[in-house]
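Please study the sequence and the structure shown below. The briefing that follows describes how the chains meet and then turns to selected local features.

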Amino acid sequence: MKNGRDARTTLMNHAELAENFIKDGERTTWHDETLWFVRKKRDLAAFQLPEWEALREAASQIKHNGLSNMHDYLVAFEEKATANGIKIHWAMDALEHNQIVHSILKENSIAEIIKSKSMLTEECHLNEYLIEHGVDVVDTDLGERIVQLREEKPSHIVLPAIHLKKEDVGETFHKYLGTEKGNKDPQYLTEAARQHLREKFVSRKAALTGVNFAVAETGEFVVCTNEGNADMGAHLADVHIACMGFEKIIPERKHLGVFLRLLARSATGQPITTYSSHFKKPRPGQQMHIVIVDNGRSQQLGREDFRNSLKCIRCGACMNTCPVYRRSGGHSYHSAVAGPIGSILAPNLDMRKNADLPFASTLCGSCSNVCPVKIDIHEQLYKWRQVLVKEGHVPFGKKVAMQAMTFTLSHPGVFKTAGKVGRSMMGLAPFTVSNGLNPWYKQREMPAPPKESFREWFSKNRNGQ
Amino acid sequence: MDSRAYILEAIAKNQPSSNPLPDISSIAVVDYDVVEKFKTILEGIGGQAIEIQNLDEVVSYVKSYFNEGQRIISTLPELASVAEIGWQNQDPHTLENVELNILRAQFGVAENAALWLTEAQLGQRVAPFITQNLAVVIDKNNLVATMHHAYDRIANAEYGFGLYLAGPSKTADIEQSLVLGAHGSRTMTVFLLS
Amino acid sequence: MNVALFIPCYVDQFYPQVAIATLELLEKYGCDVHFPKNQTCCGQPMANSGFEHLTHGCNELFVENFTGFDYIVCPSGSCTLHIKEHLGDPAITRKCYELTEFLTDVLVVDDLKVKFPYKVGLHQSCHGQRGLKLAQMSELNAPPFSKVERLLNQVEGLELVNLDRKDECCGFGGTFCVAEEALSVRMGQDRLQDHLKNGTQVLTAADMSCLMHMEGIIRREKLPIKVMHLAEILNGSTVEELAV
């Protein structure tokens, strides 16, 4: 399946995509257990720091301060970075971001680039834009390179190929990198990728990276990787372009201490990523650019109920803990960022297309409690539901059913009658509810109707006090 | 209106009311010996810790594990007998064939076995990444407990590029199987100097 | 003390024995228990579906029915949480308690004289646990506690089963159970596998909605697990009394 979704599935909603995913029961079990294991690693790491909850609270407050002084912090960041020799660009939306990146490359006559992980560039569909305009793009994060070769989208923001088994990777590398047929040893395959991508690092003139944190106080930005691919690209390239949503700003350098302690532990259970690179000035002779992107973020900033979603540091902990994500996979969210955080970010970008996402949840609250910056994810999911209904993005049948329900539940007499009728029907003619049209009945029995309701019992046995 | 003005204006209009920054000066809880912690964590992340009394031991190490045909570089003048010293101004691409690079860190962080180096210690930015094997010398009394202590040490130092380096490069992108040696160095040895 | 029973709509209609057990339990500990006849529902199904703006009638009815009592007690964590967060009338909401927390925090029950010699699998219903803080959640690095276990530990012969995943969601989720039917059932099946693997004979929880969903799967797949609401166990009901 191309892109992780083809033209047909782009029109499918989460429920349909999840149902397809679940059809392969064994694979669902494998996907669920793999991600639950990552959640457990996070727990182990978090429980080693007695100050873990204090760190989460501090991170949340630092990010809030960041959001509330965003204008001044951005101006300060730009000033410092510019004085350090970095060129700053501003992009209102995805298209402008793509155009800016392309124009930098054109000015330097570069038609081949390497990229390290950036969810922002996924959101902007940068790869497609550049390819359309004659620029060859190679993703260098191993997981991203795998999905790129397979023409799929990443399914997880930290573990892009988590939906694939070793066999799948072995097949892909055999096809594109010439590895041995049937060899699925991760060591062997990683070595092949190392050689294949090393050639690109050494030969390509432009490298594009994301930004994990941008420090207003000093104008520096930090990129965190385990593989070293962002650095292999940036330190060999003539042109380094770093792309960031403006919400990546943090106030002071020392705040990096808080975030770097939380990020990797939340994401994978490691105390820190192998490399945490602080870029402050271009390498002598190198051009360094930062593209600061809005693309709906300033709008989200203005939404009182949803602005906290901008605190996100893209750790993926919410995805690993989410029982729904684990059993439906990232592709069922049809969005650059999937899972719980994706479901509160995406409706801001396109309400109609993403109206299904806030409903892809039982509101269990696990996500909010693993979030290192304490985003009230499950509460925002609830609030998005209210917004989506008000904006009319809910099926007409549901609206009618809800209005009927409202009437019944506001009128005790009607409620009692409806209940009695329902139970009688179920007792006398079970096939009226226990049939193929009732989704509950597909894989579950209906509850057995008792002979009397509680209120009837109470009336008889407690004289209706 | 240009994009910059548009974005900044939208942000100014939409940003919420401010709260003060939290005091993080005493957030760290340290109940361990920094050297022991550093060694344990380093081993856990795939690195190797070797305690040494002087730099001659590094020379011996290089002679034992590497042969003459392999390109070895370093920023430490004391290692001139086994390593190239003057590569800092070469084109970074020429470092592609380096087998072992030996650097010295400013300080290390016990809680995550990370070492902090800036350009002065790195020689070249790409140096710790492009090498097949990496070794870093650190004074034992230059270990701090946590990242908060680390940033206190860094304070408002000026640098063009700074790096926390923790262990060898790695990936678990293929079915969560951990593989050491992704695109950066395959191995990482830390010489703890007394 | 004057206690009004707030009985979830589906408990009233389909699981009256849970409401009866709740009532008897409260009476045993000296409460003067009332059941406002005209109560219907807390409005959660509509609110969770995005129709919060339609719940005014429900809310008004609730306030009307439940004014004038010392406490309002409900054998459901999710309904209690919903009222506390969305009713908007603090005079009423501060009197609302889910059954478990009422027993431990207000009545301070520490002498349950009941026997239940079975391996019991406790399902931690999400809203009660993470919302009402009935027990510590596995996500937080914080001291463990459990109001529910404090009560179950008083029951003679009861052995609490150790699950692989102590507080994973069962997949009911209100209208989610039909809107995302495949996922909902898969989540329920996984919970039940955890219970089966670890020896649960009787599955219990403080929320009948979770139990209704899992019992539906148990009966369809003919799994060897019985289902009882916490109130029934604490009130001394026996397994033999179960209808199924």
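Chain B and chain C do not touch, and their nearest C-alpha atoms are 14 Å apart; contact here means heavy atoms within 4.5 Å. Of the two pairs of chains that touch, chains A and B have the most contacts. The model is predicted, and local features need pLDDT of at least 70, side-chain atom pairs count only at pLDDT 80 or more, and totals for chains, interfaces and linings use all residues. Residues are numbered from 1 along each chain as its sequence is written, chains are lettered from A and ligands numbered from 1 in the order in which they are written, and side-chain values use heavy atoms, with hydrogens and water left out.

**Chain A as a whole**

- The secondary structure of chain A comprises 22 helices and 10 strands; helices (H or I, at least four residues) and strands (E, at least two) are DSSP runs, numbered from the N terminus.
- The C-alpha trace of chain A spans about 90 × 55 × 45 Å along its principal axes.
- Chain A has 465 residues, of which 64% count as buried; buried means under 20% relative accessible area, exposed over 50%, and partly exposed in between (1.4 Å probe, protein chains only).
- Among the contacts in chain A with a separation of 6 or more, 73% are made by residues 24 or more positions apart.

**The interface of chain A and chain B**

- Chain A contributes 97 residues to this contact, and chain B contributes 71 residues.
- Together the two chains bury about 7000 Å², with 60% of it on carbon and sulfur atoms; buried area is the accessible area (1.4 Å probe) that two parts lose on being put together, summed over both.
- Seven salt bridges are counted between chain A and chain B; a salt bridge is a side-chain nitrogen of Lys or Arg within 4 Å of a carboxyl oxygen of Asp or Glu.
- One salt bridge joins B:Glu111 to A:Arg261, whose closest N and O atoms are 2.8 Å apart.
- Helix H11 (residues 186–203) of chain A supplies the largest share of the side of chain A that touches chain B, namely 12 residues.
- That side of chain A consists of 45 nonpolar, 28 polar and 24 charged residues. Ala, Val, Leu, Ile, Met, Phe, Trp, Tyr, Cys and Pro count as nonpolar, Asp, Glu, Lys and Arg as charged, and the others, Gly among them, as polar.
- Strand S9 (residues 275–279) of chain A pairs with strand S8 (residues 161–165) of chain B in the antiparallel sense, over five bridges; two strands pair if DSSP finds at least two bridges between them.
- Within this pairing, A:Tyr275 has B:Leu165 as its bridge partner.

**The interface of chain C and chain A**

- Here 72 residues of chain C and 78 residues of chain A take part in the contact.
- The buried area between chain C and chain A is about 6500 Å², 59% of it on carbon and sulfur atoms.
- Nine salt bridges are found across this interface.
- In one of the salt bridges, the side chains of A:Arg455 and C:Asp12 meet at 2.7 Å, N to O.
- Chain C and chain A have 35 residue pairs in polar contact (both at pLDDT 80 or more).
- With nine residues, helix H11 (residues 181–197) of chain C gives the most to the side of chain C that touches chain A.
- By class, that side of chain C has 34 nonpolar, 22 polar and 16 charged residues.

**A sheet in chain C**

- Four strands of chain C form an open sheet with parallel pairing, in the order S6-S5-S7-S8.
- Strand S6 (159–160) and S8 of chain C are the edge strands, each pairing on one side only.
- Strand S7 (residues 202–205) of chain C is joined to S8(C) by four bridges, and the two run parallel.
- C:Val202 has C:Lys226 in S8(C) as its bridge partner.

**Residues with positive phi**

- Most residues other than glycine have a negative phi.
- A:His125, which is not a glycine, has a positive phi near 55°.
- A:His125 sits in the loop between helix H7 (119–123) and helix H8 (126–132) of chain A, and its relative accessibility is 39%, so A:His125 counts as partly exposed.
- C:Lys222 is not a glycine either, and its phi is positive at about 55°.
- C:Lys222 lies in the loop between helix H12 (208–221) and strand S8 (226–229) of chain C, and C:Lys222 counts as exposed because its relative accessibility is 71%.

Terms used. A polar contact is a pair of N or O atoms within 3.5 Å; within protein, one must be able to donate a hydrogen and the other to accept it, and residues adjacent in sequence count only if both atoms are side-chain atoms.
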